[in-house]
Amino acid sequence: MSKLTIVGSSKESGVLGSQCYALDDILIDCGIGMVRRDGVTRSVPPELATLAGRSTKIKAGLLTHSHLDHIGALPILARNNLIDLNAKIWATPQTCNVSFDVCKDSVQHTDLYDEGDFLLMPDFSPIAAPGEFEVLPGQRAWAFPNGHLNGSSGFVFRLKSGKNALVMGDWCSHDQPIVKGMLPVSEWPEEWIPDMVIASDWTYGLSSLEAKRTFASEAARMRTVIRHRFEQGMFIRVFVFANGKMQNVARILADEFRSIGVPIYIDGRLGKKVWKTYRDVQWSDRDVPVPALGEQSGIYEVEGRRHREELMNAQQPNIIITSPGMGDVGLGPQYLQASLPRRDHFVASSSFLAEGSNLYELERLLDGHPRYRDGDDISFSVTSRNKEQEEEAVLVPMRAEYDHFGLSAHNGPADNLAFLDALIERRGGAKLERYGVGHGAPEARAMGAQLVRHYVIDPDRNVIDLAPGTVIDLD
Ligand SMILES: [Zn+2]
Ligand SMILES: [Zn+2]
């Protein structure tokens, strides 16, 4: 018997939630979600109580990649006595390195865990290369690069019934500067072709069925707009996620500005650590190493507080890429308070913004005031969150120019369906035995459940919404 238990996921409208599944005694990802309650944004763990009622503890873990919604709750597993202390957590070498850095960094702004919890954390075990490996004695799986992030992977499990079950992870078909798109299904080995998809990615399930703006076209628009504003004498501040987005955006802008000798600065401790991993470690030939910082790449780090202040108070415009991506914690509020009041600043964000975050709220404000740069006086309340998840707000005049660049590292609905077309073809036309619609807000999963029906045998029974607490018998 093989059973899949949905530990993470989301049942709240508009909320992406965490990804966390248990396939029998193997945990797959263990993230945290962000939820807005009573006007305050909080990070929430998956429903680990779902695991507490089991007769056995978790014996092994597997991580698809190192984003917080996939790994952020790892440190609390041991504290809650849910995982065997000898369990190994399998992941690609990059995911092993960066996951630890991400959790350490999160200690600064979450009350879910503290430094002490790291002492109990199970060991990370790197999956040496893409291909087959043994998660637990007798439990085989196949790991493949899924194109979401440098070192990000999906997995196919061999169930006790002999069937193959696919866990996609967050995935992406198009190339990004730091990683090429997912290994095409035409290149998957015959013996690992899935009979069912048990966990899918509908993060962008509500984006239009027509292709959204492609990564390449948004990257080109970002280069052009930022070059133009810089040449008009504007300071550039781009808010990005530290893990993946920062490395992508820095490379795209360095390509544009290196030829005219303008440095690109990156600021944020985690982003710099991640940089070193993506420079030094490659797992598959689809990982594209990031260049060394310095003269050759044209990308430099902001070296500390004094250097940051020099750049902020400089006479001549400069370009800084900083984390976090939603501007809420760490350096985010400080940069926003300095930049938003200045007409000579161009502020940009890229991709996902959770409801209630600074940049989400800023976009909402600007939607209501499209002509604010032509005399409409408006103010914005920059909120910062501390470790106790308390919020503090500072009101500043909003005069800077703002834009959003949709550099998504996920597949949209059209890509999901194109993948299913290719998979059904590999299966000689046979439909899938089961499809779990996962990792998305409930509305996005509902859309996914409609769209995939055509690809699944007896869809009323076998297309399954991966809501928290659901248990699926896979035999
Ligand atoms: Zn991700
Ligand atoms: Zn995710």
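User: Helices (H or I, at least four residues) and strands (E, at least two) are DSSP runs, numbered from the N terminus. With that in mind, in which loop is proline 324 found?

Analyst: The model is predicted. The peptide bond that leads from serine 323 to proline 324 is cis, and its omega is near 0 degrees. Proline 324 itself is found in the loop between strand 17 (319-322) and helix 9 (332-339).

User: How many helices and strands does the protein chain have, and what is its radius of gyration?

Analyst: The secondary structure of the protein chain comes to 13 helices and 24 strands. For 475 residues the globule rule gives 23 Å, and the chain comes close to this, so it is as compact as a globular protein of that length. The radius of gyration of the protein chain is 22 Å.

User: What percentage of the contacts in the protein chain with a separation of 6 or more is between residues 24 or more positions apart?

Analyst: Along the principal axes, the C-alpha atoms fill a box of roughly 70 × 45 × 45 Å. Of the 475 residues, 48% count as buried. Among contacts with a separation of 6 or more, the share from residues 24 or more positions apart is 74%.

User: Is aspartate 24 buried or exposed?

Analyst: Aspartate 24 has its place in the loop between strand 2 (21-23) and strand 3 (26-28). Its phi is near 50 degrees, which is positive in a residue other than glycine. A residue needs 20 or more other C-beta atoms within 10 Å to be buried. Aspartate 24 has 20 such atoms, and therefore counts as buried.

User: Is aspartate 458 buried or exposed?

Analyst: Aspartate 458 lies in the loop between helix 12 (442-451) and helix 13 (459-462). Although it is not a glycine, aspartate 458 has a positive phi of about 45 degrees. The limit for an exposed residue is 12 or fewer C-beta neighbours. Aspartate 458 has 11 of them inside 10 Å, so it counts as exposed.

User: Which elements do the buried residues of helix 7 pack against?

Analyst: Helix 7 (residues 269-280) has 12 residues and reaches 17 Å from its first C-alpha to its last, close to the expected 16 Å. Its buried residues are Leu270, Gly271, Val274, Trp275, Thr277 and Tyr278. In an α-helix, residues three or four places apart point the same way, because there are 3.6 residues a turn. The buried residues of helix 7 pack against helix 4 (93-106), helix 6 (245-257) and strand 15 (264-267).

How values were computed
Residues are numbered from 1 along each chain as its sequence is written. Chains are lettered from A and ligands numbered from 1 in the order in which they are written. This is a predicted model: local features need pLDDT of at least 70, side-chain atom pairs count only at pLDDT 80 or more; totals for chains, interfaces and linings use all residues. The expected span of a helix is 1.5 Å times one less than its number of residues. Two residues are in contact if their C-beta atoms, placed from the backbone, lie within 7 Å. The radius of gyration is taken over C-alpha atoms; the globule rule is 2.2 Å times the number of residues to the power 0.38.
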